[in-house]
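Morning, everyone. Please bring up the model on your screens, and let's walk through charges first, then packing.

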Amino acid sequence: MYYAQAFMPASLFWLYTHGMTSFHATARLGLGIDAGGTETRWALAAVDGAIVASGVVDGLSALQMGSEAGRAALHATFAALSRAVLAVGQPTHVHAGLTGFGGDGALLAQALATLLALSTMDVTLCNDIEIAYLDSFAPGEGYLVYAGTGSIAAWIDTDGVFHRAGGRGVLLDDGGGGYWIAREALRQIWRREDEAPGSWRASPMAHAVFEQIGGSDWDSSRQFMYGQERGAIGRLALAVAASAGADPLALAILQRAGQELARLALALTARHGRRPVVLAGRAAQLHPAIAVAMRAALPISLMMEQKTARSHEAAARLAARAGIKL
């Protein structure tokens, strides 16, 4: 089964409002997938919640289905993932959260089902942020601010309805995400080059960024920004974070990233009331300055916690329990 981003299936909503312990355990493995632009993580879980295996393959996006080359790349990633999974064991159900997923998942479900020798009825697809949310909160409890390649704030209410702030994609916004950090770094570097050619040589951030890109000339930056997938561009944020201790400009970009993420939390708070906030995602962990700046931009009365997301494991546990009768 697969479902639109705005709603959760009844079984998933029941699981998080009534708990998991009342399900009768049978011998089965659930496969959980957390697919982002930078990497795709998977895990196999038993019904008792134990994670029996996990791994990482290349990043992917449901948006790749829009082109022949994208479909080929996505299928190759699914194939690599399936080989790794089947080397461990045969899953009975898949619960996959995919970045860019908007509800039309028939072809994606079929691809996964075929590679894993399953029925499409054994494949549940959703947006990756829904899984990340349920890794942190039960429905209605709080707000998740997630910073990966992109950024989004999410709230699933007690009726199972998904509410968002941000998450519009890197071409429109996604402030505070890895792609945004990378783009801001290159934008600042080349603006300075416009004003004072050669100034990059005095910038630790520029040195780190150009080393990762593979060149300090404009052609190298142009080819990188306009020829790479968004996940590869997002990884350039690692160079920005690595230089923050030596370059005030890099530190300022990371602090602004934290402020952008705070804006997302404040947008949901204004619409739906105050609730605890969890900050998660690999970009949020790039440097402590991001979380510090986000905390400073939020009201002191608003609880905020940073955590390491284990969305693929949460999805695996959901998959292991899928279809089990009371």
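This is a predicted model. A search of the whole structure turns up eight salt bridges. I'll take a few.

Start with R41 and D34. Their closest N and O atoms are 3.2 Å apart. Buried or exposed, this R41? R41 is buried, at 10% relative accessible area. D34 is buried too, at 6%, since the cut-off is under 20%.

Next, E184 and R256. Their side chains form a salt bridge at 2.9 Å, N to O. E184 sits in helix α5 and R256 in helix α10, so the pair ties together parts 72 residues apart in sequence. E184 is buried, with a relative accessible area of 6%. R256 is partly exposed, at 31%.

Now α10 itself. The helix has 25 residues and spans 36 Å from first C-alpha to last, close to the 36 Å expected. D247 caps the N-terminal end, with a side-chain oxygen 2.9 Å from the backbone nitrogen of L249. Just after the helix, G273 has a positive phi of about 95°. Buried residues of α10 include I253, L254, L261 and L268.

On to packing. The largest nonpolar core has 64 residues, and I181, M205, V209, F210 and M294 touch the most other members. Which helix gives the most to this core? Helix α10 does, with ten residues. Apart from that core lies another, of 27 residues, including A62 and L108.

Last one: V209. Leaving out residues up to four places away in sequence, V209 touches A185, L186, I189, L236, A239 and V240.

Methods:
Residues are numbered from 1 along each chain as its sequence is written. This is a predicted model: local features need pLDDT of at least 70, side-chain atom pairs count only at pLDDT 80 or more; totals for chains, interfaces and linings use all residues. Side-chain values use heavy atoms; hydrogens and water are left out. A nonpolar core is a set of buried Ala, Val, Leu, Ile, Met, Phe, Trp, Tyr and Cys residues joined through side-chain atoms within 4.5 Å. Buried means under 20% relative accessible area, exposed over 50%, partly exposed in between (1.4 Å probe, protein chains only). Helices (H or I, at least four residues) and strands (E, at least two) are DSSP runs, numbered from the N terminus. Contact means heavy atoms within 4.5 Å. The expected span of a helix is 1.5 Å times one less than its number of residues. A polar contact is a pair of N or O atoms within 3.5 Å; within protein, one must be able to donate a hydrogen and the other to accept it, and residues adjacent in sequence count only if both atoms are side-chain atoms. A salt bridge is a side-chain nitrogen of Lys or Arg within 4 Å of a carboxyl oxygen of Asp or Glu.
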